[in-house]
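Visitor: I'd like to learn how to read a few features in a structure like this one. Could you walk me through it?

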Amino acid sequence: MKTLLLADIHSNLEALEAIFADCGSFDQIWCMGDVVGYGPDPVKALEVLRSHDFRCVSGNHDAAVAGVLSVEEFNHAAAWAARWTAQQLGSEQLAFLRELPLTREEGPFTLVHGSLRAALWEYLVSVEAAAASLALLNTSYCLVGHSHLPFICREQMGSAPRFTEFPEREPMRLGEERWVVNPGGVGQPRDGDSRSSYAIYDTEEGTIERRRVVYDISKTQRKMELAGHPESLIRRLEFGH
Ligand code: ZN
């Protein structure tokens, strides 16, 4: 069985389509949240994802759009996008976002947006945050999003967890060691590479492979300009930060 691992899609339909063209056949999609927010295609992105076996947890943007979380904590551009997104979605799609769980277990994986200590808000980017999540982890592996930064963080028995690179197109074999994994951002990468980032979990091989794909950034940007999105959100897509 093959599962797509997606995080931080952010209503970016062109990025999603590029991934579907690149990934080959798959059985399920596991998503670590932030399906919507920032981007121009919340309705279509949700429709496309939900036409598959789509297993998702809530991100802070999903919760804000659904009215579960106040946009007070968001910066101006993010708050604007959350309000705009809420206006685009129908009541059924809003209810879908509202009902997303904070965590879910799929086989040996636990999915969460931020961290197991603060599901919607914590950026799991420090050794201390990784150790705290590993202490709360009931499965072998944890899948996260939120930072839009790809990495594998490995538990080290008797010492602090270690962040390592998650290389491209190099299947990484899962083993005894517990990992926290971020596949990178689908719809708004922030590691200085504008290409969309995602991963594939192959059950038979017991591997996770990360991939990058080029997508039509200017098409996404044109849609954002037409809808009146803040300039900062439009520009950052081409820089990947
Ligand atoms: Zn995000």
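Guide: Happy to. Keep in mind that this is a predicted model. Let's start with a helix: H1, residues 13-23, lies across strands E1 (2-6), E2, E11 (196-202) and E12 (207-213). Helix H1 runs at about 40° to E11.

Visitor: And how do I read the sheet? What is the order of its six strands?

Guide: The general idea first: strands of a sheet pair through backbone hydrogen bonds, either parallel or antiparallel. Here the sheet is open, the order reads E3-E2-E1-E11-E12-E9, and the pairing is mixed.

Visitor: Which strands stand at the edges?

Guide: Those are E3 (54-56) and E9 (172-173). Each has a single partner strand, so one side of each is left without a neighbour in the sheet.

Visitor: How many bridges join E2 to E3?

Guide: Three, and the two strands run parallel. E2 covers residues 28-31. If you want a spot to look at, find Ile 29, which stands opposite Phe 54 in E3.

Visitor: Next up, aromatic rings. How do I describe a pair?

Guide: You give the distance of the centres and the angle of the planes. In this model the count comes to 10 aromatic pairs. One of them is Phe 109 with Tyr 141: 5.2 Å centre to centre and 40° between the planes, so it counts as tilted.

Visitor: Where do Phe 109 and Tyr 141 lie?

Guide: Phe 109 is in strand E5 (residues 109-112) and Tyr 141 is in strand E6 (residues 141-143), so the pair ties together parts that are 32 residues apart in sequence.

Visitor: Are Phe 109 and Tyr 141 buried or exposed?

Guide: Buried means under 20% relative accessible area. Phe 109 has 0% relative accessibility, so it counts as buried, and Tyr 141 is buried as well, at 7%.

Visitor: What about Phe 151 and Phe 163?

Guide: That pair is edge-to-face, with 5.0 Å centre to centre and 70° between the planes. Phe 151 belongs to strand E7 (residues 151-156) and Phe 163 to strand E8 (residues 159-164), so the pair links parts 12 residues apart in sequence. Phe 151 is buried at 6%, whereas Phe 163, at 29%, counts as partly exposed.

Visitor: Which residues do ring pairs link into a cluster?

Guide: Trp 30, Phe 109, Tyr 141, Trp 179 and Tyr 201.

Visitor: Last one: which ring face does Arg 50 lie over?

Guide: The face of Phe 96, at 4.0 Å from the ring centre. Arg 236 lies over the face of Tyr 38, at 5.9 Å from the ring centre.

Technical notes: Residues are numbered from 1 along each chain as its sequence is written. This is a predicted model: local features need pLDDT of at least 70, side-chain atom pairs count only at pLDDT 80 or more; totals for chains, interfaces and linings use all residues. Side-chain values use heavy atoms; hydrogens and water are left out. Two strands pair if DSSP finds at least two bridges between them. Helices (H or I, at least four residues) and strands (E, at least two) are DSSP runs, numbered from the N terminus. Contact means heavy atoms within 4.5 Å. Axes are lines fitted to C-alpha atoms, for helices over the stretch in contact, and angles run from 0 to 180 degrees between N-to-C directions. Rings of Phe, Tyr and Trp (its six-membered ring) pair if their centres lie within 6.5 Å; planes under 30 degrees apart count as stacked, over 60 as edge-to-face and the rest as tilted. Buried means under 20% relative accessible area, exposed over 50%, partly exposed in between (1.4 Å probe, protein chains only). A charge sits over a ring if NZ of Lys or CZ of Arg is within 6 Å of the ring centre and within 35 degrees of the ring normal.
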